[in-house]
Number of protein chains: 2
Amino acid sequence: MTVSDAERAARAQLLRAAEPGTGALLRHVRLVGPAQAVADIRRHAPIAGLDVETLATRLLDVPGDRELELAARLGARLVCPGDDEWPIALDDLERVDAGCLALWVRGTSRLGDMCERAVALVGTRAATDYGASLAAELASGLAERGWTIVSGLALGIDAAAHRGALAAGGQTIGVLACGVDVAYPVANRSLYERIQQAGAVVSEQPPGSAPHRARFLVRNRLIAALSAGTVVVEAAPRSGARSTARHAAELYRHVMAVPGPVSSILSAGCHQLLRDRPDAVLVTKVDEVIEQVGAVGDFAERVSGPVRRRDLLGPAVSKAFEVVPVMRPVAVERIAVTAGMRPDAMRAALAALEAAGLVESRDGGWCMSKEGRAERRGGGSAVEELPLGWW
Amino acid sequence: MTVSDAERAARAQLLRAAEPGTGALLRHVRLVGPAQAVADIRRHAPIAGLDVETLATRLLDVPGDRELELAARLGARLVCPGDDEWPIALDDLERVDAGCLALWVRGTSRLGDMCERAVALVGTRAATDYGASLAAELASGLAERGWTIVSGLALGIDAAAHRGALAAGGQTIGVLACGVDVAYPVANRSLYERIQQAGAVVSEQPPGSAPHRARFLVRNRLIAALSAGTVVVEAAPRSGARSTARHAAELYRHVMAVPGPVSSILSAGCHQLLRDRPDAVLVTKVDEVIEQVGAVGDFAERVSGPVRRRDLLGPAVSKAFEVVPVMRPVAVERIAVTAGMRPDAMRAALAALEAAGLVESRDGGWCMSKEGRAERRGGGSAVEELPLGWW
């Protein structure tokens, strides 16, 4: 599947016509396609839930092909669904009715490749030394292990995370709330330049757009969607990092938070997250982040003693193995309830277990395979036996 | 029910004959009673799982009535099951086959009364300033709200917790791994004296006993059992506080841990606890501890706006209310699985909801009462509407 010039131009125009994440426009585009949606706006056809007059006025500013041409001069390209470098992770946004029409990208690396193993590190602009150095340390460690660091190029935690990734020679993505040609905030200008050499800056906003509050919030969903999990490093209670974490959870991404001194108001947001979200996991170092977002087998190196197959599985997968019925197949939704996991997480865990040959799908449900039953007889609960520092 | 002099003397002798928590002896006492158990040991009758010779030798040291007389001179009394001041919470230890035969007590307050609202604060001997000041602060705040502070009278976190309770004019219990007449460690001597004025020191060890490693571990189960919950303030990974927390969980007590800087090895044990035990709750202040251990209604003061009955319920109870069936009664065990709660915790939550008139017990199961259904129709999920800083 390739994206036609006309479709790309239409998507560029739609990004200019409406703010990103405008549900009514996304639904209309799904229905009639981007080119027809632009035509409908141009002829002021009524579209449910949209102020078409305003959209039409905004369209007049720059024609779509001209937009692409101007952007190309700035070194920016529009990555669209269907492009080779489109990150399929963004398609998950459709499920929560907050899809992404296309992404402006400025940078040398291919976006989709970078997102295959990506973690978001986010947090307060007013970071303490504690938070900033931790963000940099985590980012460096994750980048060394091949993970792309996604963040928002804000001051504080975001900047420290990008810097940590760059220092380790890793890849990093800056997700902007303004145009990809706008170096905002000014204090991060050199960082903004360096990110484009070692990764990319991306945005749904057309080139030239200024950042403002609503755009930061809409941008946060992209940070969550582009990553396998979001780590909140330091955050004031009820801060923006909370919105990123909520998006992450809605998208079935891992939500993590770093603890800190209880006397620090900038750790209070992390503690609140850990108290209030049963799905949020406390992390203190790189290994613990990878334990969440990593694929099956990422822990093999830490195993000592005889290796059983399920020793190689992460905690979520082990938990799934504990609750999957031995013989009689049961629907994934019911297994998920038993484990206290989300159905999507359970589906992913069962897929991993199936790949490991431990479970099988029969009669519309899941149960253990013959090998799984042999493995289980191997003894004890997986949680107790996982050599991951559990106790 | 009163305890006869003979039974009290026999229990004193049994505490001298065997180390506390010796399961085989406890089972024999349950079978034949304490006086007969002493007689059996004296005549060297074989008792399954016990080295009766050694027990008999130890019995020769001090006869039971003489033991009580000597102890009385030291101001110590033996509190036995059946005594008015016996803390019924200790009976829970029977369930995990680690019962307590009796407790030596030295102090002015009645033990059972003190344990009605008691929280354990425990942690490392090598406390940092951060940990020690937090322990003292939490203890003071809890003591001011009428909670007894239980700890182990060790250096570091334990001592800070006892001091915090005393500073607030509250009650505190020191649970010793040596005799109640032994001021150990020496550095805590004045604290040991003050605790006896404002609470009690207690021990299963006979007067004169020296502390040693195994005794500290067995003692930890008493700290857990005497309290509604245990807060680990600071702990090295794999430390003794972990054993107290494990005992607490086994006894269906609340397990809590205070976070700290990830760079502090003495917060690492707390973080490990929070990562590894799904039942462990992160706490940073007095209100959050009381939110766990407090009874229904303890949060009324924090409610703003129109007060609905279930606004007064704690998170565990609210969760229970969310999963209890509307019409068709379901067994408590199944409801517990749905909520991901322990059956005992669910039973307690349902009892609280029944007291509030929101659920009823029918046909061997539980479902909502008419009032509960009206309450639920009031809107939204309890979690989202609880005005406790949830988000």
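Trainee: How many helices and strands are there in chain A?
Mentor: Keep in mind that this is a predicted model. Both kinds of element turn up in chain A, and the count comes to 19 helices and 11 strands.

Trainee: What radius of gyration does chain A have, and what would a compact globule have?
Mentor: Along the principal axes, the C-alpha atoms of chain A fill a box of roughly 70 × 50 × 35 Å. As for burial, 53% of its 391 residues count as buried. A compact globule with 391 residues would have a radius of gyration near 21 Å, so chain A agrees with that at 22 Å.

Trainee: Which element supplies the largest share of the side of chain A that touches chain B?
Mentor: The contact takes 22 residues from chain A and 22 residues from chain B. On the chain A side, α8 (129-144), α13 (265-276), β9 (280-282) and α16 (332-339) each supply at least two residues. The largest share is five residues, and it comes from α13(A).

Trainee: What kinds of residues make up that side of chain A?
Mentor: The same surface serves both copies, with 95% of the contact residues of chain A recurring in chain B. On the side of chain A that touches chain B, the residues divide into 12 nonpolar, six polar and four charged.

How values were computed
Residues are numbered from 1 along each chain as its sequence is written. Chains are lettered from A and ligands numbered from 1 in the order in which they are written. This is a predicted model: local features need pLDDT of at least 70, side-chain atom pairs count only at pLDDT 80 or more; totals for chains, interfaces and linings use all residues. Two residues are in contact if their C-beta atoms, placed from the backbone, lie within 7 Å. Helices (H or I, at least four residues) and strands (E, at least two) are DSSP runs, numbered from the N terminus. Ala, Val, Leu, Ile, Met, Phe, Trp, Tyr, Cys and Pro count as nonpolar, Asp, Glu, Lys and Arg as charged, and the others, Gly among them, as polar. The radius of gyration is taken over C-alpha atoms; the globule rule is 2.2 Å times the number of residues to the power 0.38. A residue is buried if 20 or more other C-beta atoms lie within 10 Å of its own, exposed if 12 or fewer, and partly exposed in between; C-beta atoms are placed from the backbone.
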